[in-house]
Amino acid sequence: MEQQGKLDIWLLASTAGLIILGLLAIYSATNGAGETVLFYRQLAWGCIGAFVMLFVYFNDYRFIRDNSYIFYIVGVVLLVAVLVFGKKIAGQTSWVRIGFFSFQPSEIAKMTTILALARFLSEDETDIRSMPHLFIALGIPLFPALLIMLQPDMGTTLTCLSFIAPMIIMAGFDFYLLLLLVIPVVLMLSGFFNIYFIFGLALLMFFGLVFLKKKFYMHQFAVTSAGLLAALFTHRFAAEILKPHQMKRIQTFLDPMSDPQGAGYNALQAKIAISSGGFFGKGFLEGTQTQLRFIPAQWTDFIFCVIAEELGFIGSVLLLGFFLVLILRFIRIVFSIKNRFVELTFAGYASLLTVHVVINVGMTLGLIPVIGVPLPFVSYGGSSLLGNMIMVALGLNFVRNRRSIGY
């Protein structure tokens, strides 16, 4: 049995490894573009994050839980403020300017939302199987997600919804019933893709429902049919629902060569960068795609390309290995610390982290449409780095206090 106060070295080391790789990649990407000031800003955010981590690590763990609703309200207020006072960058009003830094409240709001949802679901009087409590549980993340969507930032909106299902299932909600609620929504969103994808996904989901119950029921057919009709409606009016650049991203995901110099440019150049890295990479600061700026602002969403090109397959595996260790340590916290709030918090954060990594790496490999999701700890962005470092510090805090919290 582990001793009270023991530091989780694996959690700390994997986080440090990701931050160091991120700083190296940002320096390389900005060096070729003459934007090394961004590297120093990220380094400054990392130092700020380290001090915040120390504060969170040595704080009373009960302070986090007891004030989670206050943190949530602060996050929501910041999201409202950014809509009123925010700075528009790349068509999105997602940033607030603070001196020399641009702050993105949505990155912090994701973390505060996880804490608030975990607090509500862990309350003794909460019964997630009752409709009023279910609606409250869904409303906690949906409200900030709506504010983020108004910025508009679809990538962050989707990641903000990624932790809902794991958390409410862990809280006791029936998985099969959740599928019945979610399938129509997923099918409706699939309407933005081509007709073959829509019908293929509908069939897959229908047979999945039948397989889970080992028997055909009429409600399975009804739910899938309703979702299919919603998908066809979305498909018919997709051009009116999405903005032109969003439609272009979907079209170029299905066929990147349809606009190789426009919407499909980044995806094609990303594949070239990754494939050209080989096994050992071209060497630090030696990547031609990176140094010649074939991918604009690649220190943000396409940072994985820099690592893959200059550090090769080895560097990519090291990066993904750090993420795997980090996620597994959070899952370990979920199953080793028998405290409802802790379990739900890190079930939510592990889900959020996993979705971020899958979407970001999937975008660069051309497996997922480009929707603007950063790579945690690695992509340039101080508010994202700070938010993720705070969650790591929470994990370290809970491990340190596990005897007091409970087994």
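**Salt bridges, spaces and surface**

A: Happy to. Let's begin with Asp8, which counts as buried at 5% relative accessibility. Keep in mind that this is a predicted model.

Q: Which residue does Asp8 form a salt bridge with?

A: The partner is Arg329, and the closest N and O atoms are 3.2 Å apart. Asp8 lies in the segment before helix 1 and Arg329 in helix 16, so the pair ties together parts that are 321 residues apart in sequence.

Q: And Arg329, buried or exposed?

A: Arg329 is buried, with a relative accessible area of 17%. The cut-off for buried is under 20%.

Q: How many salt bridges does the structure hold?

A: Eight. One of the others joins Glu123 to Arg119, with the closest N and O atoms 2.8 Å apart.

Q: Are those two buried or exposed?

A: Glu123 is buried, and Arg119 is buried too. They also belong to a network of salt bridges that links Arg65, Arg119 and Glu123.

Q: What about Arg129, which residue does it pair with?

A: Arg129 forms a salt bridge with Asp127, and their closest N and O atoms are 3.3 Å apart. Arg129 counts as exposed at 64% relative accessibility, while Asp127 counts as partly exposed at 32%.

Q: Switching topic: how many cavities of 30 Å³ or more turn up in the whole structure?

A: A search finds two.

Q: Which residues line the largest one?

A: Its lining is made by Leu21, Leu24, Ala25, Ser28, Phe284, Val306, Ile307, Glu310 and Leu311. Helix 1 (9–33) and helix 16 (303–336) each supply at least two of the lining residues. By class, that lining has seven nonpolar residues, one polar and one charged.

Q: And what lines the second largest cavity?

A: There the lining consists of Glu107, Lys110, Met111, Tyr349, Leu352, Leu353, His356, Pro376 and Asn388. Helix 5 and helix 17 (340–365) each give at least two residues, and helix 17 gives the most, with four. The classes here are five nonpolar, two polar and two charged.

Q: Which helix gives the most to the patch?

A: Helix 4, with four residues. Phe85 sits in helix 4 and is exposed, with a relative accessible area of 67%.

Q: Where are they found?

A: Leu285 is in the loop between helix 14 (265–276) and helix 15 (288–291). Phe377 is in the loop between helix 17 and helix 18.

Q: Buried or exposed, for each?

A: Leu285 is partly exposed, with a relative accessible area of 29%. Phe377 is buried, with a relative accessible area of 3%.

Q: Last one: how far apart are Ser162 and Val355 in sequence and in space?

A: They are 193 residues apart in sequence and 6.9 Å apart in space, C-alpha to C-alpha. Ser162 lies in the loop between helix 7 (154–161) and helix 8 (164–170), and it counts as buried at 17% relative accessibility.

Definitions and conventions. Residues are numbered from 1 along each chain as its sequence is written. This is a predicted model: local features need pLDDT of at least 70, side-chain atom pairs count only at pLDDT 80 or more; totals for chains, interfaces and linings use all residues. Side-chain values use heavy atoms; hydrogens and water are left out. Buried means under 20% relative accessible area, exposed over 50%, partly exposed in between (1.4 Å probe, protein chains only). On a 1 Å grid over the protein atoms alone, a cavity is a set of points where a 1.4 Å probe fits but cannot get out, and a pocket is an open set with protein on both sides within 12 Å along at least five of seven lines; lining residues have an atom within 4 Å of a point. Grid points are joined across faces, edges and corners, and a volume is the space filled by probe spheres set on the points. Ala, Val, Leu, Ile, Met, Phe, Trp, Tyr, Cys and Pro count as nonpolar, Asp, Glu, Lys and Arg as charged, and the others, Gly among them, as polar. A salt bridge is a side-chain nitrogen of Lys or Arg within 4 Å of a carboxyl oxygen of Asp or Glu.
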